[in-house]
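How do the parts of a folded chain hold on to one another? Look through the structure below with that in mind, then read on.

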Amino acid sequence: MQKLPTFLLKSGYNSAFSLSCTKDQRDGLTHVFIFLLIFFCFYNPVFSQVTCTNSGTWTTATWSPAPPTTGQSILVNAGCTLTIDQTTPLLQNIQIDGAIIVTTGSTSCLLLNGDLIINNGAVLENNGCVDFRTPGKSFQLNGTATYVHNPLLNLAQDENIFFNGNESFSVSSNLFIKKWNDPTIPLGAVSRVQSGSFGNLTLSATFPGNGEWLQSGRFALPVPDRIRGNFSVTEGTVVMDEGSGNTISLILSNVNISANGSLVFQRGNYRNFSLTTGNFTVSTSNPVKRPSIIMDSSLGVLNWTVNGNLQLNH
């Protein structure tokens, strides 16, 4: 028969409480104690999630259950626009179902250590600073999500959202690049968006000098169709491959070159070129100063397939 625990209570000021139990019971209590010790050592309540439920600035928006503090994750609900006009605490994960707008203020900066997930129909517009601090964390544009890259200071560090992020962009997502620090570093470089595909992509970055942004063939490497959505150039000259990538094939969907943009597809080493596009439209404001060129002195054979309309309007 199992021995039951006995409890002894002594009276008086020096009362004591003692517990007598079997070895099995002692072992069970030991296991419970170890479990509780591990739980409280590793449980960290600051990694809980806070939700933005009504629009406003960081201080005026409605938060549930309370405004975020360092180490917490945040969710911005659909229909809620959160305006970042200050430097936020260092957050963990950020999920956007609504919109986050980082203003152009010198202290406007969104800080995060974890994953950045922008869901269908949601927007992150960076006009100040987004500091994506931890390498290998997810940067997701799901469905028709939009990210606008327009950092105030336009430093190399402002691109850590790309060189630290593990990107996953849906074919219907929208990526706008309005500023870029170094025109010799391609958007699709190993040090930026290494190997993932792009959805709809609009390039509007301008640079001094000849205004060219060299892509070194990275939109066609490792596969010729990394841009899966519509491709637009509205400012500056984008050179898809100046010769360093030595690419010979590029597959695009609809192409739109407008406003002050121009596009050079191939330049440099002698080689043939196979180009496949959907609708192709050129409607730039100054085609003489910034002409768009399919093959620039590469002296190969061009095979261009247009699956749609070709419009060259000047």
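A residue is called buried when its relative accessible area is under 20%, exposed when that area is over 50%, and partly exposed in between. Asp-225 has a relative accessible area of 25%, so Asp-225 is partly exposed. Keep these cut-offs in mind throughout. One caution applies as well: this is a predicted model.

**The nonpolar core**

In soluble globular proteins, nonpolar side chains tend to be buried together. Here, the largest nonpolar core holds 59 residues. Which of them touch the most other members? They are Leu-82, Ile-100, Leu-116, Ile-118, Phe-139, Leu-187 and Phe-265. The top contributor to this core is strand 22, residues 255-267, with four residues.

Take Phe-139 as an example. Set aside its neighbours within four places in sequence. Phe-139 is then in contact with Leu-116 and Ile-118, among others. Its contacts also include Phe-132, Tyr-147, Ile-161, Phe-162 and Phe-169. Gly-165, Asn-166, Glu-167 and Ser-168 are on the list too.

Val-233 sits in strand 20, which spans residues 231-239. Is Val-233 buried or exposed? Its relative accessibility is 1%, so Val-233 counts as buried. Ser-262 is 29 residues away from Val-233 in sequence, yet their C-alpha atoms are 6.6 Å apart in space. Ser-262 is also one of the contacts of Val-233, once neighbours within four places in sequence are left aside. Other contacts of Val-233 include Leu-203, Asn-256, Ile-257 and Leu-263.

Gln-215 belongs to a loop, the one between strand 19 (212-214) and strand 20. At 0% relative accessibility, Gln-215 is buried. What does Gln-215 touch, not counting residues up to four places away in sequence? The list is Pro-186, Leu-187, Gly-188, Val-238, Val-239, Met-240 and Glu-242.

Strands of a sheet pair through backbone hydrogen bonds, either parallel or antiparallel.

How many bridges join strand 23 to strand 26? There are five, and strand 23 covers residues 273-277. Phe-273 stands opposite Leu-302 of strand 26.

**Cysteines**

A search of the whole structure turns up one disulfide. Cys-109 and Cys-129 form it, with 2.2 Å from S to S. Cys-109 is in strand 10 (residues 109-112) and Cys-129 is in strand 13 (residues 129-132), so the bond ties together parts that are 20 residues apart in sequence. Both of these cysteines are buried. Two further cysteines can be checked against the cut-off. Cys-52 has a relative accessible area of 0%, so Cys-52 is buried. Cys-80 is at 1% relative accessibility and therefore counts as buried.

**Salt bridges**

Side chains of opposite charge can pair when their charged atoms come close. The whole structure contains six salt bridges.

| Pair | N to O distance |
|---|---|
| Glu-159 and Arg-192 | 2.8 Å |
| Arg-228 and Asp-225 | 3.6 Å |
| Arg-271 and Asp-241 | 3.6 Å |

The salt bridge between Glu-159 and Arg-192 links distant parts of the chain, 33 residues apart. Glu-159 is in the loop between strand 15 (146-149) and helix 2 (160-163). Arg-192 is in the loop between strand 17 (174-177) and strand 18 (200-203). Both residues, Glu-159 and Arg-192, are buried.

The salt bridge of Arg-271 with Asp-241 also links distant parts of the chain, 30 residues apart. Arg-271 is in the loop between strand 22 and strand 23, and Asp-241 is in the loop between strand 20 and strand 21. Arg-271 and Asp-241 are both buried.

What about Arg-228 and Asp-225? Arg-228 is at 39% relative accessibility, so Arg-228 counts as partly exposed. Asp-225, at 25%, is partly exposed too.

Finally, salt bridges also form a network, which links Glu-212, Arg-267 and Asp-296.

How values were computed. Residues are numbered from 1 along each chain as its sequence is written. This is a predicted model: local features need pLDDT of at least 70, side-chain atom pairs count only at pLDDT 80 or more; totals for chains, interfaces and linings use all residues. Side-chain values use heavy atoms; hydrogens and water are left out. A nonpolar core is a set of buried Ala, Val, Leu, Ile, Met, Phe, Trp, Tyr and Cys residues joined through side-chain atoms within 4.5 Å. Buried means under 20% relative accessible area, exposed over 50%, partly exposed in between (1.4 Å probe, protein chains only). Helices (H or I, at least four residues) and strands (E, at least two) are DSSP runs, numbered from the N terminus. Contact means heavy atoms within 4.5 Å. Two strands pair if DSSP finds at least two bridges between them. A disulfide is a pair of cysteine sulfur atoms within 2.5 Å. A salt bridge is a side-chain nitrogen of Lys or Arg within 4 Å of a carboxyl oxygen of Asp or Glu.
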